[in-house]
Amino acid sequence: MPLQNHPIGPVPEETARVARAAFPKSNLYLRIRDELGTIYEDSQFADLFSHTGQPAEAAWRLALVCVLQYLGDLSDRQAADAVRGRMGWKYLLGLELTDPGFVW
């Protein structure tokens, strides 16, 4: 899968609004995004991707999901479900609330 450079934009407005309402004193995921940004950039992973095939997911998001998966001791399926269903993860990953996450 070729790496497409996915720009790291701001957290979507609706995601930020709902996350801040749900966590008025913040939480780990909101603090990571607010204080450290996304930590990774796609260019850090360019050598790991082929130049042919279907475009890959944003490498910086995949790296963050792997870190969160490790921290939570989650299986691949549990991590994919967390991307779909956890507001804090969506905030950290810069996803819309309606984003379906990783489809199996």
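R84 is partly exposed, with a relative accessible area of 30%; here buried means under 20% relative accessible area, exposed over 50%, and partly exposed in between, using a 1.4 Å probe and protein chains only. Its partner is D81: the two form a salt bridge whose closest N and O atoms are 2.4 Å apart. A salt bridge is taken as a side-chain nitrogen of Lys or Arg within 4 Å of a carboxyl oxygen of Asp or Glu. D81 is partly exposed too, at 40% relative accessibility. Both residues sit in helix α4 (residues 76-85), three residues apart, which is about one turn of the helix.

Before going on, a word on the model: it is predicted, local features need pLDDT of at least 70, side-chain atom pairs count only at pLDDT 80 or more, and totals for chains, interfaces and linings use all residues. Residues are numbered from 1 along each chain as its sequence is written, and side-chain values use heavy atoms, with hydrogens and water left out.

**The charged pairs**

How many salt bridges does a search of the whole structure find? The search gives three. Side chains of opposite charge can pair when their charged atoms come close. Here are the pairs with their N to O distances.

| Pair | Distance |
|---|---|
| E14 and R17 | 2.8 Å, N to O |
| R20 and D34 | 2.7 Å, N to O |
| D81 and R84 | 2.4 Å, closest N and O atoms |

The side chains of R20 and D34 meet in a salt bridge. This pair links distant parts of the chain, with R20 in helix α1 and D34 in helix α2 (residues 28-36), 14 residues apart. R20 is partly exposed at 38% relative accessible area, and D34 is partly exposed at 42%.

E14 and R17 are a pair within helix α1 (residues 13-22): because they are three residues apart there, about one helical turn separates them. E14 counts as partly exposed, with 39% relative accessibility.

Is T15 buried or exposed? T15 is buried, with a relative accessible area of 0%. Leaving aside neighbours within four places in sequence, T15 is in contact (heavy atoms within 4.5 Å) with K90, Y91, L95, E96 and L97.

**Two loop residues with positive phi**

Most residues other than glycine have a negative phi. S26, in the loop between α1 and α2, has a positive phi near 75°. S26 counts as partly exposed, at 23% relative accessibility. D73 is not a glycine either, and has a positive phi of about 50°. D73 lies in the loop between α3 (59-71) and α4 and counts as exposed, at 69% relative accessibility.

**The chain as a whole**

Stepping back, the chain has five helices and zero strands, and follows the pattern α-α-α-α-α along the sequence. Helices (H or I, at least four residues) and strands (E, at least two) are DSSP runs, numbered from the N terminus. Of the 104 residues, 37% count as buried. Among contacts between residues at least 6 apart in sequence, 65% join residues at least 24 apart. The accessible surface comes to about 6600 Å², with 54% of that belonging to carbon and sulfur atoms; such areas come from the Shrake-Rupley method with a 1.4 Å probe, and for residues only the protein chains shown count as cover.
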